[in-house]
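Please look over the model shown here before reading the notes. The points are meant to be read beside it.

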Amino acid sequence: ALHHIAMVEGEKARGTYIDPRASRKRFREYADTYLKNQAWKPTTRAVVEANLTNHILPTFGDRPIGAIRRGEVQRWVTQLGQLPPAPTCPHGVMVLGERTRRGRTSDAYLCATKGAKGKGACQPMPCRPLAPATIRAVYTTLSCIFRSAVRDRLIHESPCDRISLPSVERSEVRALTPEQVTR
């Protein structure tokens, strides 16, 4: 006990002490505070809020910010790149099928009873994993929140350090020839 008190007093003297009660704050509460403190353009704010609402808060929202570990963040990033589980509707579990919207066909989860013509809860839902660039954008949002929590002295270190992210394949840009430009 005396050793612990000496360590805490030393951390306080160095300015590195972090109150353990601070890390019990829910991730959702801190994320709300983080959002309010940012001076972003409206479009940036909308993207960050969508990332939080759709991808981050369902997984980490109700957890204490100090209880989230690096392995959990890595597993979450990996799952973002995988096919989401089949949702349910009032008729049961939806099935994998195809739907056509605006002349384009794509994979979708469909109601087993109403198919692609469902409304409300039976509406077809897209079923594709997130693209690597989208995963990086969502991860960046999470990482920024944790970096801010470290700076605000809620946690000692970010669980977003050394996370493996999917690589983004860049397509080759083809420049127009002078004849094409002239046309």
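The numbered points below go from the whole chain to single residues.

1. Basis of the note. This is a predicted model, in which local features need pLDDT of at least 70 and side-chain atom pairs count only at pLDDT 80 or more, while totals for chains, interfaces and linings use all residues. Residues are numbered from 1 along each chain as its sequence is written, and side-chain values use heavy atoms, with hydrogens and water left out.

2. Overall build. The chain has 6 helices and 5 strands; helices (H or I, at least four residues) and strands (E, at least two) are DSSP runs, numbered from the N terminus. Along the sequence their pattern reads α-α-α-α-β-β-β-β-β-α-α.

3. Extent. The radius of gyration of the chain is 23 Å, whereas a compact globule of 183 residues would have a value near 16 Å. This radius is taken over C-alpha atoms, and the globule rule is 2.2 Å times the number of residues to the power 0.38. The C-alpha atoms fill a box of roughly 75 × 60 × 30 Å, taken along the principal axes.

4. Burial. Of the 183 residues, 30% count as buried. Buried means under 20% relative accessible area, exposed over 50%, and partly exposed in between (1.4 Å probe, protein chains only).

5. The largest nonpolar core. A nonpolar core is a set of buried Ala, Val, Leu, Ile, Met, Phe, Trp, Tyr and Cys residues joined through side-chain atoms within 4.5 Å. The largest one has 27 residues, of which Phe27, Leu52, Val73, Trp76 and Leu142 touch the most other members. At least two residues of this core come from each of α2 (27-36), α3 (42-60), α4 (70-80) and α5 (132-151), and α5 gives the most, with 7 residues. Another core, of 6 residues, lies apart from it and includes Cys89 and Tyr109.

6. Leu142 and α4. Contact means heavy atoms within 4.5 Å. Beyond its neighbours within four places in sequence, Leu142 is in contact with Phe27, Ile56, Phe60, Val73, Trp76 and Cys160. In α4 the buried residues are Glu72, Val73, Gln74, Trp76, Val77 and Leu80, and their cover includes α3 and α5.

7. Two backbone points to check. Most residues other than glycine have a negative phi. Arg153, however, has a positive phi near 65°, and Arg162 has one of about 60°. Which of the classes buried, partly exposed and exposed applies to each? Arg153 counts as partly exposed because its relative accessibility is 33%, and Arg162 counts as exposed because its value is 66%.
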